[in-house]
Amino acid sequence: MARRTTPRRIWAYRGIYLGIGLAVIFFRILPLDARTPGLPGPDIILSVTFAWVLRQPAAAPVTAILFLFLLGDFLLQRPVGLWTLLTLMAVTSLQNRRATLAEAPFLLEMAVVSGAILAMILAERVILWVLLTDQPSLGLVLMEGLATIVIYPIVVFVSKFLLGMDMLPFVDREAG
Amino acid sequence: MARESADTSHARPVRRLLMTVLMLCLAVLVLIWRIDNPRVERLRSAITDRIVPNLEWVMAPVTALGRMIDDFESYTRLYEQNAELRRELQQMRTWREAALQLEQENARLLDLNRVQLDPELTFVTGLVLADSGSPFRRSVLLNVGSRDGILDGWATMDGLGVVGRISGVAENTSRVILLTDSNSRIPVTVLPSGQRAILMGDNSAAPLIEFLDAAEDIAAGDRVITSGDGGVFPAGLLVGQVVINRDGQLRLRPSADFSRLNFLRVMRSHPGTALSDPGGMIGPPWPLTPAPGSDDPTPVEAAEFLPPDPTDPDPHAEAGDG
């Protein structure tokens with residue numbers, strides 16, 4: 001346990017987090033093909049954020065989340081600030097549920113994360129509808145959400161076995 | 001965990017307060033984006049302008065690599081492509097004969113009429129820097145901007161057909177909203193019948209052709225060119241061909257090759273419309289007299305003309321060009 005509590009390890013995780021996020025944004029704006037893609041890809045940054053916030057909250061600090069998602073909002077032509085806001089809300093509510101999720105089986109965690117993603121999609125649509133803005137088609141958005149949910153176990157697998165990131169027991173936080 | 005144990009009992013409420021303030025700020029940002037959209041979009045293009053050109057040294061090799069992989073994949077279909085090309089070449093030979101005759105005839109007629117093709121249509125060539133990066137937005141970023149005199153609203157073409165229009169200009173970069181984007185609306189003319197219509201992008205590969213007078217007069221394969229109605233888009237540029245899908249909807253197959261957008265021409269056509277306020281009431285064009293410099297008539301007059309006269313010379317010029 002002491003092995004992965006060193007600050008150096010935490011800082012390494014933070015570096016990896018920012019690196020993954022910037023790489024994803026970078027690859028998405030590459031001008032490879034301007035035709036309409038058949039299926040929208042998963043939102044990798046979002047699933048990495050959720051997985052890491054649940055495992056080691058210090059590895060994905062709020063400032064990094066804010067930076068990555070705001071940059072994404074600006075560069076990827078999304079409504080400015082909206083997706084960031086929803087992500088921060090989801091992250092906060094997931095962090096409040098760490099007490100139950102830390103000991104729960106993975107399927108439950110998966111269900112909670114899926115619920116969070118779908119709730120974010122729903123909330124985004126409702127807010128855009130209230131603001132009288134043009135919306136992308138529901139099918140495409142749902143497809144992106146589903147892809148994000150499908151990729152979540154892979155992200156968890158990679159962070160657990162390649163990056164050695166285990167679920168941080170909740171007791172420590174409660175004691176503090 | 002070193003971090004987490006620092007979360008002492010008095011730090012947690014502070015943290016919660018900070019998060020709430022942060023979320024409120026973000027909510028205000030969303031509202032500002034909605035209320036003062038042009039300003040935030042300018043901020044967005046300024047940020048893009050600051051970041052993307054600096055990334056060019058990484059993006060260029062990765063993009064080139066991706067395109068090479070695409071090209072390599074197309075080698076695997078070489079045999080079919082070859083057969084297809086032979087067939088097309090056969091057809092093209094007959095078309096070439098027809099085109100040569102038409103070109104001579106056209107030159108004769110133009111000479112008789114002393115027509116001068118639109119001298120204002122010069123162009124600036126830009127290189128595609130980046131994609132929109134979102135599956136719901138179809139746009140590309142060009143490496144020419146206000147420094148090169150680009151203005152909002154100008155038409156953008158690849159060698160053959162219209163690709164989209166400039167929307168958002170920064171110092172060094174400008175964004176092109178493609179025909180296929182769901183925000184794209186372009187006034188067009190369907191050629192043999194000369195009907196005016198609006199080309200509406202809907203995020204599919206083939207944008208919709210809407211607001212036609214008599215849709216039954218349109219056949220698949222009809223040529224579609226821009227009509228210049230409303231004065232926001234230059235007239236007479238080739239856009240594509242009509243296709244009719246299974247539901248009987250009229251759609252457009254663009255002439256431009258959207259799978260390979262590399263060099264784009266920005267047509268330097270007219271002053272463009274500045275987006276300075278959120279917009280007003282739609283009424284009659286005001287002032288009612290046309291500007292002396294502009295070559296296209298006011299929309300009221302344009303509606304009275306039938307298209308063959310103003311539109312015919314340009315498509316032939318296009319065909320001769322490409």
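Predicted model: local features only at pLDDT ≥ 70, side-chain atom pairs only at ≥ 80, totals over all residues.

**A glycine in chain B**

I started at B:G240, which sits in strand β10 (residues 238-244) of chain B. Helices (H or I, at least four residues) and strands (E, at least two) are DSSP runs, numbered from the N terminus. Residues are numbered from 1 along each chain as its sequence is written, while chains are lettered from A and ligands numbered from 1 in the order in which they are written.

Is B:G240 buried or exposed? I found it buried, because it has 24 C-beta neighbours inside 10 Å. The cut-offs are 20 or more other C-beta atoms within 10 Å for buried, 12 or fewer for exposed, and partly exposed in between, with C-beta atoms placed from the backbone.

Leaving out residues up to four places away in sequence, B:G240 touches B:G161, B:V224, B:L252, B:R253, B:P254 and B:S255. Contact here requires C-beta atoms, placed from the backbone, within 7 Å. I also checked B:V190, 50 residues from B:G240 along the chain: their C-alpha atoms are separated by 9.6 Å.

**Chain B as a whole**

I noted eight helices and 12 strands in chain B. Of its 322 residues, 30% count as buried. Taking contacts in chain B between residues at least 6 apart in sequence, 62% join residues at least 24 apart.

**The core**

Which residues touch the most other members of the largest nonpolar core? In this core of 84 residues, they are B:V162, B:V163 and B:V239. α2(A) gives the most to it, with eight residues. Such a core is a set of buried Ala, Val, Leu, Ile, Met, Phe, Trp, Tyr and Cys residues joined through C-beta atoms within 7 Å.

I then listed partners of B:V163; among them are B:M157, B:V176, B:L178, B:L179 and B:A256, not counting residues up to four places away in sequence.

**Two helices in chain A**

Next I looked at helix α1 (residues 7-28) and helix α2 (residues 44-55) of chain A, whose axes come within 9 Å and cross at roughly 165°. That makes α1(A) roughly antiparallel to α2(A), a label for angles over 145 degrees. Axes are lines fitted to C-alpha atoms, for helices over the stretch in contact, with angles from 0 to 180 degrees between N-to-C directions.

The contact is made by A:Y17, A:I20, A:G21 and A:V24 of α1(A) with A:I44, A:I45, A:V48 and A:W52 of α2(A). I sorted these residues into seven nonpolar, one polar and no charged. Ala, Val, Leu, Ile, Met, Phe, Trp, Tyr, Cys and Pro count as nonpolar, Asp, Glu, Lys and Arg as charged, and the others, Gly among them, as polar.

**Between the chains**

How many residues of chain B are in contact with chain A? I have 50, against 42 residues of chain A. α2(B) supplies the largest share of chain B's side, nine residues. By class, that side has 26 nonpolar, 15 polar and nine charged residues.

**Two positive phi values**

A:L132 has phi near 55°, positive in a residue other than glycine. I placed A:L132 in the loop between α6 (106-130) and α7 (138-162) of chain A, and A:L132 counts as exposed with 7 C-beta neighbours inside 10 Å.

For B:F211, also a residue other than glycine, phi is positive and near 60°. B:F211 lies in the loop between β8 (208-210) and β9 (223-226) of chain B. With 13 other C-beta atoms within 10 Å, B:F211 is partly exposed.

Definitions and conventions:
Parallel < 35°, antiparallel > 145°, perpendicular 65-115°, else oblique. Contact = placed C-beta atoms within 7 Å.
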